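Reader: Hey, could you walk me through this one? I'm new to it and would like the plain version.

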Amino acid sequence: MDKQSVLEHRKLSESFVVKREEEKDEHGSVKLFCQPCHYVDSTNKNECNGFCIECTEYLCSECIRDHRKNKTTRQHAILHEKEIP
Ligand SMILES: [Zn+2]
Ligand SMILES: [Zn+2]
């Protein structure tokens, strides 16, 4: 392998590692982020604590609370932990 392809290879494997860390937790399962929080602020990576069936969105504990507060989303069925798809 010449020097250029070694560098290219290193760059590729580095970006792969970074990507893996973002998507998987220490147990190797896929990490899911709160979608409404990520929508308002793309740097926000709140871990999701539930999944709303009606909105088909992953929600953090704060958004689950807001969901129960809001009149229009109050009746939504939210899946928790092991039920999260
Ligand atoms: Zn949230
Ligand atoms: Zn909902």
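**A first look**

Author: An unreviewed UniProt entry annotates residues 58-85 as "domain: C2H2-type"; UniProt positions follow the numbering used here, feature names are shortened, and annotations may be inferred rather than shown by experiment. This is a predicted model, where local features need pLDDT of at least 70, side-chain atom pairs count only at pLDDT 80 or more, and totals for chains, interfaces and linings use all residues. Residues are numbered from 1 along each chain as its sequence is written, while chains are lettered from A and ligands numbered from 1 in the order in which they are written.

Reader: What's the mean pLDDT of the chain?

Author: The mean is 81, and 72% of the residues reach 70 or more; pLDDT is the predictor's confidence in each residue, from 0 to 100. A contact here puts two C-beta atoms, placed from the backbone, within 7 Å.

Reader: Which elements have the lowest and the highest mean pLDDT?

Author: Helix 1 (residues 3-23) has the lowest, at 60, and helix 3 the highest, at 96.

Reader: OK, new topic. How many helices and strands are there?

Author: The chain has 3 helices and 3 strands, in the order α-α-β-β-α-β along the sequence. Helices (H or I, at least four residues) and strands (E, at least two) are DSSP runs numbered from the N terminus.

Reader: In what order do the strands sit in the sheet?

Author: The order is 2-1-3, in an open sheet with antiparallel pairing. Strand 2 and strand 3 (78-80) are the edges, each pairing on one side only. Two strands pair if DSSP finds at least two bridges between them; strand 1 (residues 50-52) and strand 2 have 3 bridges.

Reader: And what's the bridge partner of Phe-51 in strand 2?

Author: Tyr-58. Leaving out residues up to four places away in sequence, Phe-51 touches Tyr-58, Leu-59, Ile-78, Leu-79, Ile-84 and Pro-85.

Reader: Which residues make up the largest nonpolar core?

Author: There are 10: Cys-34, Cys-37, Cys-48, Phe-51, Tyr-58, Leu-59, Cys-60, Cys-63, Ile-64 and Ile-78. Such a core is a set of buried Ala, Val, Leu, Ile, Met, Phe, Trp, Tyr and Cys residues joined through C-beta atoms within 7 Å. Buried means 20 or more other C-beta atoms within 10 Å of a residue's own, with C-beta atoms placed from the backbone.

Reader: Which elements give two or more residues to it?

Author: Strand 2 (57-59) and helix 3 (61-69).

Conventions. Buried ≥ 20, exposed ≤ 12 C-beta atoms within 10 Å, placed from the backbone.
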